[in-house]
Amino acid sequence: MIEALRTAWLVARKDLVVEARSRELVYTTLFFSLAAILIFAFGFVREGRPNEDMAAGILWVSLAFSGTLALGRAFEREREGETLRALLLAPVERGAIYLGKVVALVSLMTCVEAVIVPVVVLLFNAPIGRAPGLVAALIVAGTIGFAAVGTLFAAMLIRAHSRDVLLPVLLYPITVPVVIAGVRGTAAILAVEPNLALARMWLTMLIFFDVVFVTLALWTFGAVMSE
Amino acid sequence: MIAAPFDFDRVEVRDVSRHFGRRRALAHVTMDLHAGELTGLFGPNGAGKSTLLSVLSTLMHPSGGSVTYGGRRGRDLGDSLRARIGMLGHDLFLYADLTARENLEFFGRLYGLDDVPTRARAALVAARLDDRADDRVSSFSRGMRQRLALERAILHHPRLVLLDEPFTGLDDASSVALAARLTAVRDAGAIVVMATHDFDSADRVISQAWYLRDGRAGSLPGAGGTLRERYRAAIRRAAE
């Protein structure tokens with residue numbers, strides 16, 4: 001167990017160092033998210049007043065789209081030098097490699113979220129100050145669920161010619177429960193009459209999804225990467 | 001080491017076939033590989049050389065037949081076998097945005113080696129890259145990357161060393177240096193298998209030679225002309 005965590009940390013740290021050098025994923029996902037949010041803002045904000053209950057959906061759609069972008073590119077890097085094969089050839093638990101990739105992706109997406117959440121708050125007058133900890137917990141839990149499934153699919157598709165098309169096609173249907181729970185939980189906080197108990201219920205659901213997704217992915221990653 | 005390494009002194013390939021859908025990449029390949037030997041694999045593009053290396057590395061399972069390492073199947077050995085395999089792929093297995101030192105130290109730690117910084121320094125010296133240790137790999141020439149990739153592949157002193165086109169992109173001096181390095185690895189007791197199109201460089205180092213054509217393997221005779229001539233004659237015979 002300690003060895004697996006050590007390996008996961010090594011892989012995650014390597015990914016984060018590579019990203020710190022190139023800043024490619026952070027810049028592209030951030031730019032994409034901000035562009036999406038601005039387009040939504042132009043469409044749904046009239047005379048400085050946003051439509052009610054829009055913020056939660058827009059925030060999660062932006063997160064899902066930018067997350068997909070990051071996933072595809074993160075594995076494209078491993079494909080370029082065939083470094084994924086080198087990782088798979090190492091005498092380590094393959095689940096630990098998966099875990100490292102998930103940790104790196106969640107860290108990266110969290111950095112992007114730290115920027116786009118305030119932008120959504122600003123443009124859509126979203127009152128996250130009512131329960132900032134709960135909003136943060138929902139976003140982090142949702143990000144983990146999304147990254148857990150996405151990392152598995154992105155790794156599976158690394159050799160597929162149509163991987164850029166196939167990734168969202170496979171990923172979005174599976175992550176629908178995560179996105180729904182995230183949207184409903186966030187909307188419950190941002191509503192005119194907030195319902196924090198309902199938000200906590202959705203957070204519990206998200207954590208449940210995370211446990212299921214991570215467990216299934218850890219279980220299957222070694223097998224799907226064996227060829 | 002993470003997994004207690006499993007040591008072996010021979011690899012036996014028995015009737016190995018590998019299919020990708022209806023396409024046959026390897027067909028009933030049988031060969032023996034021994035410690036202290038450097039085996040050259042030759043053949044036209046698409047003949048199955050890289051597939052055979054992938055099967056030997058355990059990254060790919062054969063569709064039929066078996067590969068045993070010291071008499072035991074790779075599938076049964078897992079991590080303890082992979083700890084004794086080093087591979088240099090055609091795409092070099094290096095992170096372009098990491099420095100040479102960081103690449104070596106990352107893989108050294110992944111393999112659970114002790115005193116990784118010292119090993120990495122020694123590898124950098126062996127690759128003649130000690131003065132560029134802290135430069136990103138993306139700034140290296142193909143030859144420099146090739147030298148670094150070889151040192152990365154053998155950093156953990158593997159028993160089985162698999163090399164896919166190791167002479168690609170090397171100038172003459174670098175080819176000679178690589179040949180000397182491979183000879184040293186072979187003489188240290190490694191089982192080295194090298195797929196290459198570079199007959200001149202390979203002729204300096206190989207102990208035995210095999211050719212692959214349409215997935216079928218045959219051994220090249222040890223005498224009767226240069227390596228290139230023997231290969232051409234064997235391929236001509238196989239085509240008849």
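**Domains, contacts and burial**

In this predicted model, the centres of domain 1 of chain B and domain 2 of chain B, taken over C-alpha atoms, are separated by 25 Å.

Q: What makes up the contact between domain 1 of chain B and domain 2 of chain B?
A: Residues count as being in contact if their C-beta atoms lie within 7 Å. The contact takes 12 residues from domain 1 of chain B and 9 residues from domain 2 of chain B. On the domain 1 side, helix H7 (residues 172–187) of chain B gives the most, with 4 residues. By class, that side has 7 nonpolar, 3 polar and 2 charged residues.

Q: Which residue ranges form the domains of chain B?
A: Domain 1 consists of 10–84 + 158–239, and domain 2 consists of 94–155. These bounds come from an automatic or database domain assignment.

Q: Why is H4(B) called largely enclosed by the rest of the structure?
A: A residue is buried if 20 or more other C-beta atoms lie within 10 Å of its own. In H4(B), 10 of the 11 residues are buried, so the helix is largely enclosed by the rest of the structure. Among the buried residues are B:Arg101, B:Glu102, B:Phe106 and B:Phe107.

Q: What do the buried residues of H4(B) pack against?
A: They pack against helix H1 (2–22) of chain A, together with helix H5 (116–126) and helix H6 (142–153) of chain B. Just after H4(B), B:Gly112 takes a positive phi of about 70°.

Q: How many residues of chain B are in contact with chain A, and how many of chain A take part?
A: 25 residues of chain B are in contact with 19 residues of chain A. On the chain B side, helix H3 (79–82), strand E6 (85–88) and helix H4 (100–110) each give two or more residues. The residues of that side divide into 16 nonpolar, 4 polar and 5 charged.

Q: What is the pattern of helices and strands along chain A?
A: Chain A has 8 helices and 2 strands, and along the sequence they follow the pattern α-α-β-β-α-α-α-α-α-α.

How values were computed: Residues numbered from 1 in each chain as written. Chains lettered and ligands numbered in written order. Predicted model: local features only at pLDDT ≥ 70, side-chain atom pairs only at ≥ 80, totals over all residues. Contact = placed C-beta atoms within 7 Å. Nonpolar A, V, L, I, M, F, W, Y, C, P; charged D, E, K, R; others polar. Buried ≥ 20, exposed ≤ 12 C-beta atoms within 10 Å, placed from the backbone.
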